[in-house]
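Open the model in your viewer and keep the selection tool at hand. Each stop below tells you what to select and what is there.

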Amino acid sequence: MIVLGIETSCDDTSAGVWGGNSLLSNVISTQWVHRNFGGVVPELASRSHIRLIVPVIEQALYEAGCGKKDIQGIAVTYGPGLAGSLLVGLSTAKGLSLALNVPFVGINHLEGHIWANVLSHPSLEPPFVALIASGGHTQLVLVQAWGKYRILGRTRDDAAGEAFDKVGKLLQVGFPGGPAIEKLAQSGNPKAVRFPRAFLEEGSLDFSFSGIKTAVLNHVQAIGFENALEQLSNIAAAFQEAVIDVLVQKTVLAGKKTNVRRICLAGGVTVNRALQARMQQTGADHGMDVFFPTPALCTDNGGMIARAGVFYLEQGRFSDPTLAPNPSLNF
Ligand code: KG4
Ligand code: ZN
């Protein structure tokens, strides 16, 4: 089945084509315009999606060696995300579906991130625990079967990626903060400063990342910004270490509590090499196998949406043309 996947939930305009038994193409156009503002500007994001969506889809079809007429189904993110951004992808999918007379299915963006693991590890099967850590979400999900999800814990305030972005902003390392902080951290000493780890109540699988952001701000104010600039890599390393400690320990705890020995990483933050390495090491110490997608599949992409769509479309599970964007969709 040849399926076109469309993703426009935030600031990446992306389309991927699934066909035969593999991902044939995955085109991602990141909107650099937001860098000038230190965060995603929703109005600019939706306008950029409008400009980019058709060329991105055409490029994805070209790279896949397909024409529009070859498309047998369309998968599109309909939430969670920015309403105006989601609307562009969803309207495009509906228009194509109507014009080509093929079904479309709305996909939960977070479920798409989980499916990205299957693109990199085709034999991966549930049950497993998924840690979803992105710019807007941080949660632990038990994948009991494909399409059957149970939330085990979630952040009570900021998402992990949001913490990276906010700390990146206060350290003035650019937007998004995650990649810049990871790069700085490589030459820093994670033990140089001790930032708090919010483990919450004993046994809790919820997260809280707003405190660490404040702790970094307080530290920078205490030593002065000039000194902080000299200590940038140490601060980045110490911050990253604190976030990783919490993410890894809670994910392993989720595996233990559910008696599931397989862990998958999903979402933009999980592209972080230090997080992947620590999760693998700690997982191995507890007899757990750890999976994560290749880097281009960790962050937002249409390929993961196409793969999730194949699961539903093959069962004849389609969406209705009245489907509306759902900015706060969850499992
Ligand atoms: O999944 P994603 O591409 O978009 C959302 O659905 O939010 O995730 C984006 C988030 C941003 O907060 C970004 O700072 C973070 O992922 N991120 C990283 C890294 N690369 C991206 N966080 C930590 N380390 C990285 N290398
Ligand atoms: Zn995402």
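**Ground rules.** This is a predicted model: local features need pLDDT of at least 70, side-chain atom pairs count only at pLDDT 80 or more, and totals for chains, interfaces and linings use all residues. Residues are numbered from 1 along each chain as its sequence is written, chains are lettered from A and ligands numbered from 1 in the order in which they are written, and side-chain values use heavy atoms, with hydrogens and water left out.

**Stop 1: the whole chain.** Show the cartoon. The protein chain has eleven helices and ten strands. These are DSSP runs (helices: H or I, at least four residues; strands: E, at least two), numbered from the N terminus. The C-alpha trace spans about 60 × 45 × 30 Å along its principal axes. The radius of gyration is 20 Å, which agrees with the value near 20 Å for a compact globule of 331 residues. That radius is taken over C-alpha atoms, and the globule rule is 2.2 Å times the number of residues to the power 0.38.

**Stop 2: two domains.** Select 3-113 + 298-313 for domain 1, then 125-293 for domain 2. The bounds come from an automatic or database domain assignment. Between the C-alpha centres of domain 1 and domain 2 the distance is 27 Å. At the contact (heavy atoms within 4.5 Å), domain 1 puts in 15 residues and domain 2 puts in 16 residues.

**Stop 3: the interface.** About 1200 Å² is buried between domain 1 and domain 2, and carbon and sulfur atoms give 71% of it. Buried area is the accessible area (1.4 Å probe) that two parts lose on being put together, summed over both. Now pick L110, H113 and C298: they supply 48% of the area that domain 1 buries against domain 2, more than any other three residues.

How many salt bridges are there between domain 1 and domain 2? The count is zero. A salt bridge here is a side-chain nitrogen of Lys or Arg within 4 Å of a carboxyl oxygen of Asp or Glu. On the side of domain 1 that touches domain 2, the elements giving two or more residues are α3 (109-120) and α11 (302-313). Helix α3 gives the most, with three residues.

**Stop 4: a salt bridge.** The whole structure holds eleven salt bridges. For one of them, select R47 and E43, whose closest N and O atoms are 2.9 Å apart. R47 and E43 are four residues apart in helix α1 (residues 42-64), so about one helical turn separates them.

**Stop 5: backbone exceptions.** Most residues other than glycine have a negative phi, and most peptide bonds are trans. Start with P80, in the loop between β4 (73-79) and α2 (83-100). The peptide bond from G79 to P80 is cis, with omega near -10°. Next, go to P176, in the loop between α4 (160-170) and α5 (177-185). The bond from F175 to P176 is also cis, with omega near -5°. Finish at N101, in the loop between α2 and β5 (104-108). N101 is not a glycine, yet its phi is positive, about 55°.
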